Amino acid sequence: MALLPILEFPDPRLRTRAREVLASDFTPEFQTLIDDMFETMYAAPGIGLAASQVDRHLRFMVIDVSEERNRPLVFVNPRILAHEGTQVCEEGCLSVPGITAEVRRHEKITVAALDRNGAPFEIDADGLLAVCIQHEMDHLEGRLFVDYLSPLKQEMVRRRLSKQRRVRAA
């Protein structure tokens, strides 16, 4: 397994809409990519990672919101079938390091997807898992949580990240 580089805002590749994963994509290389994404997510540390964030523009993501880091979930070609309620949650993102903001999301969702081997499944999610799924699905559409912020706050995020990069480079 290998750690993958995570794209950071405002990298334009984060705006790429991911393509559907085809049956022919379920190869040993795809399984290795999934494993590498889990390793990258855990090391970051994070609770979710979309393929778009590691410059692989395929519609899938890995998630593990468990405290013990022992409930890895893979969602390939995810679709929200139903949703209800709203919640506001403080979100962060591995592609926007060190920045958090309140974002409004659906409180409960039902998601259909394929697992890492291509088998279909459905899951009902609420709380942190629902937020994480919606956040990662945004990445697959080329959206980031900062898109939910005002233009002024977005500019503040750009400046703060630019300053962080300068400090790291020094």
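These legends accompany close-up views of a predicted model. Local features need pLDDT of at least 70 and side-chain atom pairs count only at pLDDT 80 or more, while totals for chains, interfaces and linings use all residues. Residues are numbered from 1 along each chain as its sequence is written, and side-chain values use heavy atoms, with hydrogens and water left out.

**View 1. An open sheet of 5 strands.** Its order is β1-β2-β3-β4-β5, with antiparallel pairing (strands are DSSP E runs of at least two residues, helices H or I runs of at least four, numbered from the N terminus; pairing takes at least two DSSP bridges). At the edges, β1 (48-50) and β5 each pair on one side only.

**View 2. The hairpin of β4 and β5.** Here β4 (residues 96-114) meets β5 (residues 120-126) over 7 antiparallel bridges, and V111 has I123 as its bridge partner. Among the 5 residues between the strands, look for G118, whose phi is positive, near 95 degrees.

**View 3. The largest nonpolar core.** This is a set of buried Ala, Val, Leu, Ile, Met, Phe, Trp, Tyr and Cys residues joined through side-chain atoms within 4.5 Å, where buried means under 20% relative accessible area (1.4 Å probe, protein chains only). Of its 17 residues, F30, I34, M37, L49, F60 and V62 touch the most other members. Helix α1 gives the most, with 6 residues.

**View 4. Around I34.** Beyond neighbours within four places in sequence, I34 is in contact (heavy atoms within 4.5 Å) with F60, V62, V74 and R116.

Notes
Buried < 20%, exposed > 50% of the residue type's maximum accessible area, 1.4 Å probe, protein only.
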